[in-house]
Amino acid sequence: MKLNQLLKQITPLPWSVSNDTAEVNYVQSNCGMVVKPPGRPADADNETVANSIYLAHAANQLPKLVEALRDARKHIAVDYPQGKAAYDEAGRILAATENIDPIPHS
Amino acid sequence: MKLNQLLKQITPLPWSVSQPARSDGCDAAHAGINGSLIDVWRFGDHPENYRHLVDAEAAYLVHAANQLPQLIEALKSFLRAPSTGSDGPNSVTIVVQEFNLANARKAIAAAESVDNIPHSSLLTLTLTPNSQLPTPNS
């Protein structure tokens with residue numbers, strides 16, 4: 001699946017992280033999305049908190065980074081070895097970022 | 001908080017969607033990430049209608065998490081390499097970076113700075129859309 005297709009399917013960005021329980025009720029009533037450790041939400045450990053913050057951050061930043069990388073790639077001087085290497089590497093990473101593995105449905 | 005600090009605190013990448021979305025008879029559909037270390041939930045009536053959205057959002061979250069460090073590194077490599085063009089209007093400089101790569105610098109700065117949240121009285125973390133949600137079948 002293409003990244004652009006996926007972005008059209010998901011809740012529009014940006015997303016934010018909240019620890020406000022009132023917010024949870026609001027989100028629940030509006031079919032929002034909750035990220036939490038399974039089972040025992042009151043015992044969220046530091047790693048889970050960090051994971052959630054990182055997930056939201058990565059989700060929000062990904063489209064901006066892709067755009068910046070595409071833009072930067074237009075301006076690289078490929079006749080310099082260092083420029084060619086950066087150009088090629090950026091092309092590889094862009095291709096990997098713009099193609100997403102589908103999730104098999106149960 | 002700096003991204004590098006955060007990366008040391010999280011479960012090591014890469015992550016994967018370990019569990020496709022399902023509804024278990026409650027008012028939610030949910031998918032698991034990385035062995036269900038984190039669950040992605042979506043609440044509402046008829047959760048079966050939301051399974052495809054949960055799948056899409058879990059896939060996007062995992063993909064973004066895995067790709068972010070590589071994208072930042074790729075952008076940084078551009079800043080170290082010569083670029084073409086000029087240093088803005090009326091400039092004839094051939095090998096400059098500041099003008100053409102301003103977007104890259106801005107994107108790197110934004111990606112490497114993470115909003116922090118207080119850890120006290122944490123019950124549940126929510127990813128909250130601040131704009132309208134897509135309809136279940138969109």
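Biologist: What is the hand of the crossing of α2(B) and α3(B)?

Modeller: A crossing is left-handed if the near helix is turned anticlockwise from the far one by less than a right angle, and right-handed if clockwise. The crossing of α2(B) and α3(B) is left-handed. This is a predicted model, in which local features need pLDDT of at least 70, side-chain atom pairs count only at pLDDT 80 or more, and totals for chains, interfaces and linings use all residues; side-chain values use heavy atoms, with hydrogens and water left out. Residues are numbered from 1 along each chain as its sequence is written, while chains are lettered from A and ligands numbered from 1 in the order in which they are written.

Biologist: At what angle do α2(B) and helix α3 (residues 102–111) of chain B pack?

Modeller: Axes are lines fitted to C-alpha atoms, for helices over the stretch in contact, and angles run from 0 to 180 degrees between N-to-C directions. Here the angle is about 140°, and the axes are 10 Å apart.

Biologist: Which residues of α2(B) and α3(B) meet?

Modeller: Contact means heavy atoms within 4.5 Å. From α2(B), Ile72(B), Leu75(B), Lys76(B) and Leu79(B) meet Ala104(B), Arg105(B), Ala107(B), Ile108(B) and Ala111(B) of α3(B). This contact of α2(B) with α3(B) consists of 7 nonpolar, no polar and 2 charged residues (nonpolar: Ala, Val, Leu, Ile, Met, Phe, Trp, Tyr, Cys and Pro; charged: Asp, Glu, Lys and Arg; polar: the others, Gly among them).

Biologist: How does helix α4 (residues 81–98) of chain A pack with helix α2 (residues 51–80) of chain B?

Modeller: Their angle is about 165° and their axes are 9 Å apart. That makes α4(A) roughly antiparallel to α2(B). The crossing in which α4(A) passes α2(B) is left-handed. Residues of α4(A) in this contact include Gln82(A), Tyr87(A), Ile93(A) and Ala96(A), and those of α2(B) include His63(B), Leu71(B) and Phe78(B). The residues of the contact of α4(A) with α2(B) divide into 8 nonpolar, 6 polar and 2 charged.

Biologist: Is His63(B) buried or exposed?

Modeller: Buried means under 20% relative accessible area, exposed over 50%, and partly exposed in between (1.4 Å probe, protein chains only). With 10%, His63(B) is buried. Apart from neighbours within four places in sequence, His63(B) is in contact with Leu62(A), Ala96(A), Thr97(A), Asn99(A) and Ile100(A).

Biologist: Where is Trp15(B) placed?

Modeller: Helices (H or I, at least four residues) and strands (E, at least two) are DSSP runs, numbered from the N terminus. Trp15(B) lies in the loop between α1 (3–9) and β1 (17–23) of chain B. The residue Trp15(B) is buried, at 5% relative accessible area. Trp15(B) and Val62(B), 47 residues apart in sequence, have C-alpha atoms 6.0 Å apart.

Modeller: A nonpolar core is a set of buried Ala, Val, Leu, Ile, Met, Phe, Trp, Tyr and Cys residues joined through side-chain atoms within 4.5 Å. The largest has 60 residues, and Tyr54(A), Leu69(A), Tyr60(B) and Leu75(B) have the most contacts inside it. The largest share of this core, 17 residues, comes from α2(B).

Notes
Parallel < 35°, antiparallel > 145°, perpendicular 65-115°, else oblique.
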